[in-house]
Amino acid sequence: MSKSFKFHLFVQMLIATAVILLANRQISQNFLSNQTEDRMRTEMAQDLKGCQQPVMQRTEFIRCAEANQSGSVYNAIKHHYHLCTNQSTATADKLCSQIKQLDIPWESRPDKMTERNVFSTVAIDGESWLASKHEVSQDILLLNQKWVTDFVLQLWKIRDQNIAKSVPTVLISLMLLALYMVFIVMRPLKVLENKMAELNSQSLFQDEPINSPYKEFNQLIDVYSDLRKRLAESFNKARRFSSDVSHELRTPLSILRGNAERMISELPLGSAAQVQARLMSDEIERLILITEKLLLLSRADANSLQLEMHQLNVSQVMQELVEDAQSFHPDLQIRHNIQDDVVWTCDAQLIHQLIQNLYTNAVKYNTSNGWIALDLSRTDGQLKLSIENPSQDVAQDLAEHGFERFYRGDASRTRGVDGFGLGLSICQEIAHVHGSRLTLLVTPEQTVRVTLTAPLA
């Protein structure tokens, strides 16, 4: 069982997108943590510069810092500032006294707002602290790094909640993207598919260039073109062989038929030798019929059937067929519904052969004491001719393979029926050269109906 390319592409894109999102989430989270720390160091330096005063209390400093960076999302963290000044709190005094005892490697970074940002990261009692120092007053501003981490996690939690809500939209977008990608990928292949579907005995020899929208498909198109040329060459050789064989066999078979007829007339009437000669003559006639049919099919394959177009009264032809059928096959019931004066401009000889072939098949594959239904009508500028008959043990694949050459259904059931399996193939080729359509239908009632539909104009 073949897989769906669209579904496979969708699953692969879904997996790839999930991997990309997870990787992006981890990378973005690391970047966000680093960016938040850098931003907090910058704002701490700006707050020290803009709000530091000798007598400012911690609460006043925090209000000033929030006002100094009005609208900043980081103001929520500034409630946890600790300022090392003469007005420090007891907690700040303890922290500041420990910092003074440490040998802190201060870093200096130019900043367009603070002119110079002096900062460091220190560990106090097992906790990590961000520290910023005022270059003039040497006052130090501290912020516990866990508050920065907690702030980042809160932002990330909000982001994850939004992603979860957007999952249906993401899936729909992925599906649309997969369909679009399939359309883009399949478009050049669709062109090749259409070209291959159009291949027949005539179009094989038509060298029509195929323009690919992408250079990556040029090699595939070259392979297709080379394959078409090799098929055309092989088909041409097979067609020429069939035509040559048919031509070459006609003369010796005609000589054999003449000799057999002369032998029959010279042998004693009713003798065993005359009977054998008659059987041999019948087989020669069969060979001649096969060669004539093969020659006709080879001409049809070569698109070289010469049509002699004349007006043919199909109604009259069908009436004559009904009269002959009632005379030669009295055991069959002939049902007919033939509209008068249905005239068709066609090759009369070929159409006679088509109708005769269809009628002969209806007789051969009929049931005992069966019937044949003949219907001819003209509707909306079209001729519609159908021949239907009941049959026993109809092959299940008859409707699908009935027009194939040498097809005769189940060999065990048709062995006693005279024929070569070429009649319907010839009928189809005759219909084709007349711009008509021949269809075969097996009904639930085990009847076979062959219908010819042809434009009268």
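## A tour from the sheet to the helices

Start with β9 and β10, which pair antiparallel over seven bridges. The model is predicted: local features need pLDDT of at least 70, side-chain atom pairs count only at pLDDT 80 or more, and totals for chains, interfaces and linings use all residues. Residues are numbered from 1 along each chain as its sequence is written, and side-chain values use heavy atoms, with hydrogens and water left out. Helices (H or I, at least four residues) and strands (E, at least two) are DSSP runs, numbered from the N terminus. Strands pair if DSSP finds at least two bridges between them.

**The sheet**

Select Ser377; opposite stands Lys384 in β10. Move to the hairpin of β9 and β10, with two residues between the strands. Asp380 has a positive phi near 50° there.

Now colour β10. Seven of its nine residues are buried; buried means under 20% relative accessible area, exposed over 50%, and partly exposed in between (1.4 Å probe, protein chains only). On to β12: β10 pairs with β12 in the antiparallel sense, over nine bridges. Ser386 faces Thr451 of β12.

Six bridges join β11 to β12 (residues 447–455), and the two run antiparallel. Leu440 has Val450 in β12 as its bridge partner.

Show the whole sheet. What is the order of its five strands? The open sheet reads β7-β9-β10-β12-β11, with mixed pairing. β7 (333–338) and β11 (437–442) are the edges; each has a single partner strand, so one side of each lacks a neighbour in the sheet. Neighbouring strands are turned by 10° against each other on average, direction ignored.

**Helices on the sheet**

Select 314–328, helix α8. α8 packs on the sheet and touches β7, β9 (371–379) and β10 (382–390). Its direction makes about 165° with that of β7. Contact means heavy atoms within 4.5 Å. Axes are lines fitted to C-alpha atoms, for helices over the stretch in contact; angles run from 0 to 180 degrees between N-to-C directions.

Then take helix α9, residues 348–364. α9 lies across β9, β10, β11 and β12, at about 20° to β10.

**A stop in α7**

Select Thr291, in helix α7 (residues 272–301). Is Thr291 buried or exposed? Thr291 counts as buried because its relative accessibility is 4%.

**Around α1**

Go to helix α1 (residues 5–51) and helix α2 (residues 58–68). They pack at about 110°, axes 9 Å apart. α1 and α2 are therefore roughly perpendicular. Angles under 35 degrees count as roughly parallel, over 145 as roughly antiparallel, 65 to 115 as roughly perpendicular and the rest as oblique. For the contact, select Gln46, Asp47, Leu48, Gly50 and Cys51 of α1 with Phe61, Cys64, Ala65 and Asn68 of α2.

Step into the loop between α2 and β1 (82–84), and pick Asn75. Asn75 is buried, at 13% relative accessible area. Leaving aside neighbours within four places in sequence, Asn75 contacts Ala65, Glu66, Gln69 and Ser70.

Finish with α1 and helix α5 (residues 167–197). Their axes are 9 Å apart, at an angle of about 130°, and the pair is therefore oblique. On the α1 side, select residues including Phe5, Leu9 and Met13; on the α5 side, Leu171, Met175 and Val182 are among them.
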